[in-house]
Amino acid sequence: LFDSLLQEGEWVSGEWLALAHGTRYDLAGLEPFVAFDLWRKDGDQRIRYNHDTVAERCYAYLTLAPTIHDGGPLSISEALDMVGHRIYGELDEPEGAVWRVERKGKVDYLAKYVRPEKENGCYLPEVSGLEPVWHWRPERL
């Protein structure tokens with residue numbers, strides 16, 4: 001899968017949702033890996049591809065993190081209203097939102113808002129003292 005997607009010097013960033021760490025998910029019918037970025041190395045530089053390129057390149061291979069807005073400015077409260085409706089099987093409140101700001105076809109910067117009451121890693125056994133919460137496990141196990 002990754003060999004088909006990636007060219008020499010590229011990598012994909014994403015999140016494995018197989019094990020709950022701070023948010024629980026119902027992954028019935030959903031993929032356990034969600035991609036959100038595609039990169040390439042150019043000399044000493046790490047270059048992010050713009051969103052359209054990421055979507056186009058990853059479409060046939062991976063599930064992309066849902067985009068809730070594409071266009072002009074979007075406030076934190078507007079974004080939280082949008083993600084509050086659960087966009088990828090979340091059972092808990094989404095932790096926040098990420099803004100990907102692009103100008104002239106290039107990624108300018110990313111910004112992330114995380115709800116202040118969010119507890120990082122609250123479902124991990126080493127934090128909770130409880131058994132792990134699995135959303136997905138390979139069929140071979």
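A word on the source. This is a predicted model, where local features need pLDDT of at least 70 and side-chain atom pairs count only at pLDDT 80 or more, while totals for chains, interfaces and linings use all residues. Residues are numbered from 1 along each chain as its sequence is written, and side-chain values use heavy atoms, with hydrogens and water left out.

Now the fold. The protein has four helices and six strands, and along the sequence they run α-β-β-β-α-β-α-β-β-α. Here helices (H or I, at least four residues) and strands (E, at least two) are DSSP runs, numbered from the N terminus. The C-alpha atoms fill a box of roughly 45 × 40 × 30 Å along the principal axes. Of the 141 residues, 28% count as buried; that means under 20% relative accessible area, with exposed over 50% and partly exposed in between (1.4 Å probe, protein chains only).

The largest pocket has a volume of about 1,400 Å³. Of the 42 residues lining that pocket, Ala65, Pro66, Ala97, Val98 and Trp99 are the closest to its centre. A pocket here is an open set of points on a 1 Å grid over the protein atoms alone, where a 1.4 Å probe fits, with protein on both sides within 12 Å along at least five of seven lines; lining residues have an atom within 4 Å of a point. Points are joined across faces, edges and corners, and the volume is the space filled by probe spheres set on them.

Which strand gives the most to this lining? That is β5, with seven residues. At least two residues each come from β2 (33–42), α2 (51–58), α3 (76–83), β5 (96–103) and β6 (106–114).

Lys104 sits in the loop between β5 and β6, and its phi is near 55 degrees, a positive value in a residue other than glycine. Most residues other than glycine have a negative phi. Lys104 is also exposed, at 87% relative accessible area.

Asp70, in the loop between β4 (63–64) and α3, counts as exposed because its relative accessibility is 69%. From Asp70 to Val107 there are 37 residues in sequence and 14 Å in space, C-alpha to C-alpha.
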